[in-house]
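Here is a friendly walk through one protein model. Have a look at the chain first, and then we'll go through it piece by piece.

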Amino acid sequence: MADSAQFKLGFCPTMADMAVDLKGNNEFVQLYPFGSAAEALFYLKQKAVNAIVIGRLAKERERSAQMEMHPLQKEGYTLVCHQKGFIEFDHIGKLRVHTYLPQELVQENFPELKQVSYYADKHSALQNLSDTEVVLIDWRDFEEDFELMIPVNESGKIKKYRLPVLYYLKENASQVRQLLGARE
């Protein structure tokens, strides 16, 4: 970073590696671990940190007008449902999944999903959203009223179902550009 002020970068447990990668060898970046994405967003909103890396998109109620976001990866997919929940990765093959994503993409990237129904469009797939069945979506199609079904194992959340996103305060945009520029 250009000046000697500390840049405080918070992160949720799933994005610890991403935060370390963003920090790189930059001695002016100080890392702050949080227990969850919600906690990290709360502290960013309170301006206790300059930016955070979390593994999902923030809900409107979690954001403020002073926040900006920058996805740290171009593509990503996740499971959505009516009520937030967790599923053991070892049991995910028993889960009934609906999707509008191309069959080849799903089979290549999500071989653990065994009971998949394919639909021509997003709307058709989402009609099957229920308390017991989920929809595999592209993160770009995530909507405010969706809840996540989060695959986990003994190490925590399965990263391929997460989307690393950098949220930051608008007042820190120039520092964030420097941080991202050093990474590329």
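## A tyrosine and its neighbours

Let's start with Y118: leaving out residues up to four places away in sequence, Y118 touches T99, L101, P102, Q103, V106 and Q107, where touching, or contact, means heavy atoms within 4.5 Å. Y118 sits in strand β8. With a relative accessible area of 30%, Y118 is partly exposed; on this scale buried means under 20% relative accessible area, exposed means over 50%, and partly exposed is in between (1.4 Å probe, protein chains only). Y118 and V97 are 21 residues apart along the chain, and their C-alpha atoms are separated by 8.8 Å.

A quick word on where this comes from: this is a predicted model, in which local features need pLDDT of at least 70 and side-chain atom pairs count only at pLDDT 80 or more, while totals for chains, interfaces and linings use all residues. Residues are numbered from 1 along each chain as its sequence is written, and side-chain values use heavy atoms, with hydrogens and water left out.

## The whole protein

Zooming out, the protein has five helices and 12 strands. Both are DSSP runs numbered from the N terminus: helices are H or I with at least four residues, and strands are E with at least two. The C-alpha atoms fill a box of roughly 55 × 30 × 25 Å along the principal axes.

Why does the radius of gyration fit a compact globule? For 184 residues, such a globule would have a value near 16 Å, and the protein has 18 Å, which agrees. (That radius is taken over C-alpha atoms, and the globule rule is 2.2 Å times the number of residues to the power 0.38.)

Of the 184 residues, 47% are buried. Among contacts with a separation of 6 or more, 68% are between residues 24 or more positions apart. The protein exposes about 9,800 Å², and carbon and sulfur atoms supply 47% of that area; the areas come from the Shrake-Rupley method with a 1.4 Å probe, and for residues only the protein chains shown count as cover.

What about charge? There are 22 positive and 26 negative charges, and their mean positions are 3 Å apart. Lys and Arg count as positive, Asp and Glu as negative, and His and the chain ends are not counted. Each charge is placed at NZ of Lys, CZ of Arg, CG of Asp or CD of Glu.

## Rings that pair up

A pair of aromatic rings is described by the distance of the centres and the angle of the planes. Rings of Phe, Tyr and Trp (its six-membered ring) pair if their centres lie within 6.5 Å; planes under 30 degrees apart count as stacked, over 60 as edge-to-face, and the rest as tilted. How many aromatic pairs does this rule give? The count is six.

One of them is F42 with Y43: the centres are 5.2 Å apart and the planes are at 85°, so this pair is edge-to-face. F42 is partly exposed at 43% relative accessibility, and Y43 is partly exposed at 31%. Another pair is F110 with Y161, with centres 5.2 Å apart and planes at 45°, so this one is tilted. The F110–Y161 pair links distant parts of the chain, 51 residues apart: F110 is in the loop between α3 (103-109) and β8 (115-118), and Y161 is in the loop between β11 (156-157) and β12 (165-169).

| Residue | Relative accessible area | In contact with |
|---|---|---|
| D141 | 22% | Y100, K122 and F146 |
| Q73 | 33% | R162, L163 and P164 |
| R96 | 28% | Q115, V116, S117, E133 and V134 |

D141 lies in the loop between β9 (134-138) and β10 (147-153), while Q73 lies in the loop between β4 (67-71) and β5 (77-81). R96 belongs to strand β7 (residues 96-99).

Most residues other than glycine have a negative phi. K47 is not a glycine, yet K47 has a positive phi of about 65°. You'll find K47 in the loop between α2 (37-45) and β3 (51-54), partly exposed at 46% relative accessibility.
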